[in-house]
Amino acid sequence: MMQLMILVDNAGGIFPAINHSPWNGLTLADFVMPFFLFMVGVSLGLAYKNLTCRGAASKKAMFRALKLLTLGVFLQGGYFHGINNLTYGVDMYQIRWMGILQRIAIAYFLAAACEIWLRSDDKVNSELSMLKKYQKQWVVVLMLIALYLLLLYGLYVPDWEYQIPIDASSSGKIYTVKCGVRGDTGPACNAVGMIDRNILGIHHLYGRPIYARTEQCSINSPDYGPLPPDAPSWCQAPFDPEGLLSTVMATVSCLIGLQYGHIIVHFKDHKTRLLQWLVPSCCLVAVAVISAICGMHINKVLYSFSYMCFTTGAAGILLAAIYVLVDVYEYGRFTSVLEWMGKHALMIFILVACNIVPLILQGFYWSQPHNNMLTSIGIGSQG
């Protein structure tokens, strides 16, 4: 997952086909987050297989989640001003509360809590007995899916406004977005954005919305670019791709991954494990395709039901393929680098994906800030 994340982060702008989809649809980059959440769930199933003290385990899980939340706000809340800018600091009026690490923290904690508190002490000797042992966790999965669908398609989205620039201390142009609908899944009038605007505040959302890369909002689509003459009013509105409601469905990816981890714990035969992984994975992909045909678009930004099913099913198929390669045919000697990256995933994410390494290197310069270590080798702005 880390290798794929690094690839899309550094090459996505060069090859739009692997960059995140501007709205509906699926690209290579759109698999990174659900695959990561899925594997978090798998690892939790292994980590808690011999649980001794539920209280102590809960405290550790809460502490880890808080560390991820804090790191997420610090790294993705706007404190660092990005490449080619050596300044730092964030206006608390505009700090971004949600982000990738925050989403992982929430999904991790909810999945850990389910694994610690919502399982029976029954012995597992068959697929049915395993389902019975973890039936409360499946109830949580169904409840989260139902909550997401109920809010996404049931909430009424009224007209709303935003200002450019969003800084309240300056005067800017106010844009009005006409909605007055229910169940819309387009960029402007979906319930995911409405919930974030009302709970988090529009000035605390991601200021460079991915839908700004759509044909409606960019003449360089699927890349960012100048607005077309007839661009709709919502094109520049803040929108968080890791918002509150979408994180509800993202947590489901983690909880399903948890069930795949249970298969490793309770079944030792290769054939049984592969069968238990591949059958539900193929079913999830089939449900996703049927849902998309019926109008539930595959959408990473909304973390739609069809997107969750397709990417989670794909993650299960990939897990089975890697298992065959490494555990069945024992080609593990070629995966030592990948294993090392997996063990240090958080550190790699912080240093590479959050641009900490480039920012550190740019801090060493000659005479002028633009004469730094990166520009000397042809990376970054020369001006």
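This is a predicted model: local features need pLDDT of at least 70, side-chain atom pairs count only at pLDDT 80 or more; totals for chains, interfaces and linings use all residues.
**Cysteines**

I looked up Cys254 and found its sulfur 9.4 Å from the closest cysteine sulfur, in Cys114, which is too far for a bond; a disulfide is a pair of cysteine sulfur atoms within 2.5 Å. Residues are numbered from 1 along each chain as its sequence is written, and side-chain values use heavy atoms, with hydrogens and water left out.

I count two disulfides by this rule. Cys179 and Cys189 are joined with their sulfur atoms 2.1 Å apart, and -85° about the S-S bond makes this link left-handed. Cys217 and Cys235 are joined at an S to S distance of 1.9 Å, and their link is left-handed as well, at -80°. I note the pattern 1-2, 3-4, with bonded cysteines counted along the chain.

**Helix pair**

I then examined helix H2 (residues 32-47) and helix H10 (residues 305-328), whose axes come within 9 Å and cross at roughly 60°. Helices are DSSP runs of H or I with at least four residues, numbered from the N terminus. Axes are lines fitted to C-alpha atoms, for helices over the stretch in contact, and angles run from 0 to 180 degrees between N-to-C directions. H2 and H10 are therefore oblique to each other, a class left over once angles under 35 degrees (roughly parallel), over 145 (roughly antiparallel) and 65 to 115 (roughly perpendicular) are set aside.

Terms used
Helices (H or I, at least four residues) and strands (E, at least two) are DSSP runs, numbered from the N terminus.
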